[in-house]
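Open the model in your viewer and keep the selection tool handy. We will go from stop to stop, and at each one you will hear what to select and what is there.

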Amino acid sequence: MASRRRMLLKVIILGDSGVGKTSLMNQYVNRKFSNQYKATIGADFLTKEVQFEDRLFTLQIWDTAGQERFQSLGVAFYRGADCCVLVYDVNVMKSFDNLNHWREEFLIQASPSDPENFPFVVLGNKIDVDGGNSRVVSEKKAKAWCASKGNIPYFETSAKEGFNVEDAFQCIAKNALKNEPEEEMYLPDTIEVGGGGRQQRSTGCEC
Amino acid sequence: MIAERFEDEEKWLAEGIAGIQHNAFFMHRALDEDNLRDALKYSAQMLSELRTSRLSPHKYYELYMRAFDELRRLEIFFKDERRHGVAIADLYELVQHAGNILPRLYLLCTVGSAYLRSKDAPVRDVLKDLVEMCRAVQHPIRGLFLRSYLSQVSKDKLPDIGHEHEEGESKDVMVAVEFVLQNFTEMNKLWVRLQLQHQGPSRIREKREKERNELRDLVGKNLHVLSQIEGVNLEMYKDIVLPSVLEQVVNCNDELAQFYLMECIIQVFPDEYHLQTLETLLGACPQLQPTVDIKTVLSQLMDRLSNYAASNTEVLPEFLQVEAFAKLSTAIGRVIEAQADMPIVGAIALHVSLLTFTLRVHPDRFDYVDQVLGSCVKKLSGKPKLDDSRATKQVVALLSAPLDKYNDIVTALTLSNYPRVMDHLDHETNKVMAMVIIQSIMKNNTCISTADKVEVLFELIKGLIVDLDGTIVDEVDEEDFNEEQNSVARLIHMLHNDEPEEMFKIICTVKKHIMSGGPRRLPFTVPSLIFSALRLIRQLHGQDGDIVGEEVPTTPKKIFQLLNEIIEPLSSVSSPELALRLYLQCAEAANDCDLEPVAYEFFTQAFVLYEEEIADSKAQVTAIHLIIGSLQRMNVFGVENRDTLTHKATGYSAKLLKKPDQCRAVYACSHLFWVDDQDGIKDGERVLLCLKRALRIANAAQQMANVARGSSGPVTLFVEILNKYIYYFEKGNPQITSATIQGLIELITTEMQSDSASALPASDAFFTSTLRYIQFQKQKGGILGEKYDPIKVQIPA
């Protein structure tokens, strides 16, 4: 039964507005990139089949709104995540500083059973911009932060050029797979042989 | 009651989740067994939990997400025909047997997703069918989530360019666009309808409206989907997408929806689309409900566009080509006109946004800046001065923006509407703004170099320069006032031109303005102006040789006259001490310019002030020392004038109230007769007369102390006089001999012995040091050593 459940791996991408979350996902899933900034509203996912250790998995990648005002319904979709990807823009210090906030926010809202060992992956995106001349967060600094948070794997990526994106998501999938299933196993009190199921609570109408 | 409802809600949610888990369990078992019939049965039962009407949007979303996760597994099962043995088209029919409509439609969408992927049927038909079928659910919350599910499962299967499809490409894209637009329209209708259902007490209504607002992203999500369709190029956006979306936005007549959806349009579609469709987008603004916060919407649009311009200079021609500024400016005008009830703060905030936009996008277009200010003046005119603090804050932002951008007040001074905006500020804000202007000048070290600009500048900051009507002096905070006036004083030094002619004009302009400042401001501002003028005098004097006589209109003499006029009012506003200092400064400057009568006049003024205005004894001591010091440095005076002035100075010195003060002033006067310059006056006899007189006063002081306190005072005065003797002795005053010094030393020694009790350690130490100095000179030898040789000193142990 566990094997069936593990066919689907749920990944959440978080990070400040404009760091390239949607672009990374589009690059990975569709091999497409657009330079235009388009805000994301709410959360939604794309799926991609990945081959891993001779088995096929469906990676469900949730892209989220970086702008808080476009997250009006809350973050119920965090539930059941197998890996959380934190993205920042290497050219914007604030987006790096906020990684902590995003990580904590995720741990609070998703409340995984073992927060210490919940798999995160950090991506420093947009390393292509201005030939790297405008970058303000050094690789060293980012790696130090990742090390301090329990050796989070770190990748430098360019969604625009597709650089390192595949490798990063390989690692994300691998870590998601390692994550122990969170789902509390549901066992019904009685197994009804007749298969009538539970009594339906009436809602008063038929729709 | 609300808390109770909250608890109930938690309970209902828990029940719902339990129901989902229970049925999901059996659904999974059925899936494991590839049992399609049971899988459908249990999944339908699971989805029945979503039929609840008792949850708020937030909680409903949690429940929905549970079901959603389970449905993903069902979808994987549906996709795999080998497992259930039913063709996808048949499956599509089969799920429609579910009893309740909501579970039926969720299942239909789930199969539809697999159906779309399989491409067994024309995508267009499946999409059309799904979006039409969903009409069956008209309960707003349930309908919104169902349609959001449809949107979610279909979005990666929508026909788009680059995908392989049987039909022509742009036709494919149209299928996708029409599908999303239809879903969007239906969702927006459901969302707006929710508002109409809200009735009852206002507290409940408010809560419901808040809950309704939480649902907004479900609707807005459709716009995000549209923006992600690659085939939606500019043309299609312009011709189909934007007009359709705006039509829905305008026609729904709902404040919440209109504000949010405008925000979405601006955020989800790319910059260049906005730029190319500005007219259409802006055209919708005046048609929105009057309560819509249109200024935030427009600010966000302008923010986006200015960021776009800043990110890439190559796009600038595009802005010019589409006349972005003119269009935005017109739109703002129309919105203000259309929303008659808009508070003034809103109108000004709109102007601030537009100004920020033009400063960022067209920094070289001063005419645009002035135009924005002018339009703001128009809005403000005919109204009483602003007293809404939020509005005045916005005006300050409006006026500060050009200063921050150009780092140069001079630019702002060329904007004809700048002062006109300031005229609409209340007194307090006017002062705040004036301070902002001065700080900008200081920060950027801006030099204001013409009298005309100075005139404009002082007109701008007049709130600091004069009392405007209605200010109550008592209300002014002393510290703030001082800070303001110190700033004005500093500002005066930034007004400068190397051309004496223009500089003189600047000085006259400043004088005109600050002289009306009243008694509290003059002591701050006058000194700055005086020193600024003195600098000009020195400059003129320095280039004296180059300029030929009478043609020059700006002469030091003329400036000195002006200075006299500037200082005079100070003495009458109870700052006589300050006036006296300034007179002395002027006298010294006149001395440097060889203008004896002018210098004499300034000294006369100083003495008159001393006599008539300075009554405090401490102030007198300070003043007399200042006079002595200045007079000592004068070399322009002829014998007669000099005698008159020195006579006055020594006379006043001897008339000070306290004996020690008299003594010190008198020995200081000795320097008036001995100027240690090559051709300075050296009148040894009169020096000695002063010192002897000082000694007599010191003696008298000693005796008075004896009478009054029973012990003679300290010998400090004597030691001070001794040092004066030593000074003149070394300088070669023939009247001071080694014998005179020896005599004085002995006198002091006797005095000290006679009254050792009262001797202060300080004066003791002073005396000992003096003796050591003599000793040192003796031992050092040389000419000075020989001079000192006859003096015998015995340094006390």
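Start by selecting helix 29 (residues 522-542) and helix 30 (residues 556-572) of chain B: they pack at an angle of about 170 degrees, with their axes 10 Å apart. Axes here are lines fitted to C-alpha atoms, for helices over the stretch in contact, and angles run from 0 to 180 degrees between N-to-C directions. Helices (H or I, at least four residues) and strands (E, at least two) are DSSP runs, numbered from the N terminus. Helix 29 and helix 30 of chain B are therefore roughly antiparallel to each other; angles under 35 degrees count as roughly parallel, over 145 as roughly antiparallel, 65 to 115 as roughly perpendicular and the rest as oblique. Their crossing is left-handed, a term used if the near helix is turned anticlockwise from the far one by less than a right angle, with right-handed used if clockwise.

Before moving on, a word on the model itself. This is a predicted model, in which local features need pLDDT of at least 70 and side-chain atom pairs count only at pLDDT 80 or more, while totals for chains, interfaces and linings use all residues. Residues are numbered from 1 along each chain as its sequence is written, and chains are lettered from A and ligands numbered from 1 in the order in which they are written.

Now show the side chains between the two helices. Among the residues of helix 29 of chain B that meet helix 30 of chain B are B:V526, B:I530, B:A533 and B:I537, and the partners in helix 30 include B:I559, B:L563, B:I566 and B:L570. Two residues are in contact if their C-beta atoms, placed from the backbone, lie within 7 Å. By class, this contact of helix 29 with helix 30 of chain B has 17 nonpolar, one polar and no charged residues. Ala, Val, Leu, Ile, Met, Phe, Trp, Tyr, Cys and Pro count as nonpolar, Asp, Glu, Lys and Arg as charged, and the others, Gly among them, as polar.

On the helix 28 side look for B:M503, B:F504 and B:K511, among others, and on the helix 29 side for residues including B:T525, B:S532 and B:Q539. The residues of this contact of helix 28 with helix 29 of chain B divide into 10 nonpolar, three polar and one charged.

Next, go to helix 2 (residues 36-48) and helix 6 (residues 101-118) of chain B, which pack at an angle of about 120 degrees with their axes 8 Å apart. Helix 2 and helix 6 of chain B are therefore oblique to each other, and their crossing is right-handed. Select B:L40, B:S43, B:A44, B:L47 and B:S48 in helix 2, which meet B:L102, B:P103, B:Y106 and B:L107 in helix 6. This contact of helix 2 with helix 6 of chain B has seven nonpolar, two polar and no charged residues.

Step along to B:S53, in the loop between helix 2 and helix 3 (57-79) of chain B. Is B:S53 buried or exposed? With 12 C-beta neighbours inside 10 Å, B:S53 counts as exposed: a residue is buried if 20 or more other C-beta atoms lie within 10 Å of its own, exposed if 12 or fewer, and partly exposed in between, with C-beta atoms placed from the backbone.

For contrast, select helix 11 (residues 216-228) of chain B. Helix 11 of chain B is mostly covered, with 13 of its 13 residues buried.

Two loop residues deserve a backbone check. B:E323 has a positive phi of about 50 degrees although it is not a glycine, and sits in the loop between helix 17 (316-321) and helix 18 (324-338) of chain B. B:D594, with phi near 60 degrees, lies in the loop between helix 31 (576-592) and helix 32 (596-612) of chain B.

Finish with chain A, which has six helices and six strands. There, 30 residues of chain A are in contact with 44 residues of chain B. The elements giving two or more residues to that side of chain A are strand 2 (43-52) and strand 3 (55-64) of chain A.

Definitions and conventions. The expected span of a helix is 1.5 Å times one less than its number of residues.
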